[in-house]
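Open the model in your viewer and keep the selection tool ready. The stops below say what to select and what is there.

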Amino acid sequence: VVKMIFSNISSIYQFHAQFFLPELQKRMENWDSNPRIGDIIQKVAPFLKMYSEYVKHFDKAVELITTWSEKSLPFQELIANIQRREISANLTLQHHMLEPVQRIPRYELLLKDYIRKLPVESPDREDAQKALEMIFTAAKHSNTAIAEMERLQNLWEVYHRLGLEDDIVDPSNELIKEGPIQKISFRHNSTREKYLFLFNNLLLYCVPKVIQVGAEFQVHSRIDVEGMKVRELNDVEFPHSFLVSGKQRTLELQQCRSEELGKRAPLWVRDKLVSMCMRCKDPFNVITRRRHHCRACGYVVCGRCSEYKAELQYDKNGPKRVCIECYTFLTGRLLPDERHGKHRGILEKESAELSGQSLMCSFLQLLDKSGKGSMRGWFVIPRDDPLVLYVYAAPQVCCDLFYLENS
C-alpha cells in the first residue's frame, strides 16, 4: 500500500538530490565566469518525464490514504504523528504529496521568467529557450499520460457497469456520450426510461437493473455506428423525438422535455451510473472534479459546469444549483465563453423582431473548440445584414453576435 501511495517518488527525489541540484549548485558557484543554466536544464529535461508516472497515480494515492485512515487506527495515528512534526509545517500529507504534481509547471514558469529578464545579448538566451521547449514537452508528456490513464480508467468503469461482456470490452474504444433517454412505444402511446452508451463504433441500448448485483445495466441492443442514421420525428404527441436506425435495430427515442425544466422535480441520475460529467465529458476524480447534481434536469455534472443558479418553480422559485445548459434555458442568458478567456459583446436587439426579417433562423447546437461541450441556441442571419450571425439563448431574448466575414 505504501508503494502504491508514493509511486516512484524516491526515484524522483534521487534524481534531484544526486544530479540536478548538485549541477545547479556547481554552476552558481562559478556564475561570474559562466552565467548560464540553459545547458544544464537541456541535459536533465528528458528525465522529468518520470513525473508522469507519479502524477497519473496521484488520485488513486489520495484515495488510498483516505481508505486506510478510515479502516486502520495505527495507520491514522502514524499519519497524524508525521503531520504534527515541525518539518511538516502544519500541512497535511496530501498537501505535501501535491508538490511533485506542481513541480514541472513551476519549472516552466520560473524558466519563462528567467528568459524574460535575460539581457538580449546574453549567451544563455538560446539554450534557455531550447530548455523551455523541452520542459514544455515534459509537461505535455505528463498531461498525455494522465489523459490516457483517465480514458482507460473511465472505459474500464463503463465496461464493469455493463457486466464485462467479452464482445464489448475493447481498450481502443472511445466513449463519446452516455445518459438516460425515453423509449417511445407508439403502440401503447407511452414512454419508458432507458439508457444509452455511445462509443466511436457502437451504440448500446440498455436497461438499468433494479437490483444491482455486478452489472448496473442489461444490454438490450447493439447498433453499429457504421451505416447508422438519425433523423428527427415531427410528432405532436412526442416532442423532441428522433429515430435511430441501424443494421441491427431501429429505435424511436425522446429527449427530456425541456418545457418541463424547473416546473417539476427531475429524476436524478444516480452517481454510480456516471463516470464523467454529462455536460463537458471530463472524467470525475476525488480531488479536483467531483460530482454534483443539476436541480433542473437531474444530470450528474462537474463543479465547473454547475456553478450557476436559477429559480425553479417546483421549489418555490428558490435559486438552486443548475448546469450550464439549464441555466441558459431557464434564464434566457448566454454566458461569456470564460473557458477560452473570451468575453463576447452583447447586442441589445430583440430576437422576435430580427427573426421575422431573416434569411435564416433556427435552433442549433453551439459547440466549443474541442467539439465536446454543447449549448442549444437560437441562431439568426438577418436579411438586411447577411454578414452577421446573431446567437440567442432563446427566441425572445437578447443575443451575442459574430461577423461571418471573419469566419
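Predicted model: local features only at pLDDT ≥ 70, side-chain atom pairs only at ≥ 80, totals over all residues.

**Stop one: a glycine**

Select Gly377, which is buried, with a relative accessible area of 3%; buried means under 20% relative accessible area, with a 1.4 Å probe and protein chains only. Gly377 lies in strand β14 (residues 374-382), a strand being a DSSP run of E with at least two residues, and a helix one of H or I with at least four, numbered from the N terminus.

Residues are numbered from 1 along each chain as its sequence is written, and side-chain values use heavy atoms, without hydrogens and water.

**Stop two: helix α2**

Select residues 9-29, helix α2. At His16, α2 bends by about 40°, the angle between axes fitted to the seven residues ending there and the seven starting there. His16 is among the buried residues of α2, as are Ile12, Phe15, Phe20, Glu23 and Arg27. Show α3 (38-44), α4 (51-56) and α7 (93-117) too: the buried residues of α2 pack against them, with contact meaning heavy atoms within 4.5 Å.

**Stop three: around Cys326**

Select Cys326 and look for Leu261, Arg279, Cys294, Ala296 and Cys297, which Cys326 touches, not counting residues up to four places away in sequence.

Technical notes:
Expected span 1.5 Å × (residues − 1). Buried < 20%, exposed > 50% of the residue type's maximum accessible area, 1.4 Å probe, protein only.
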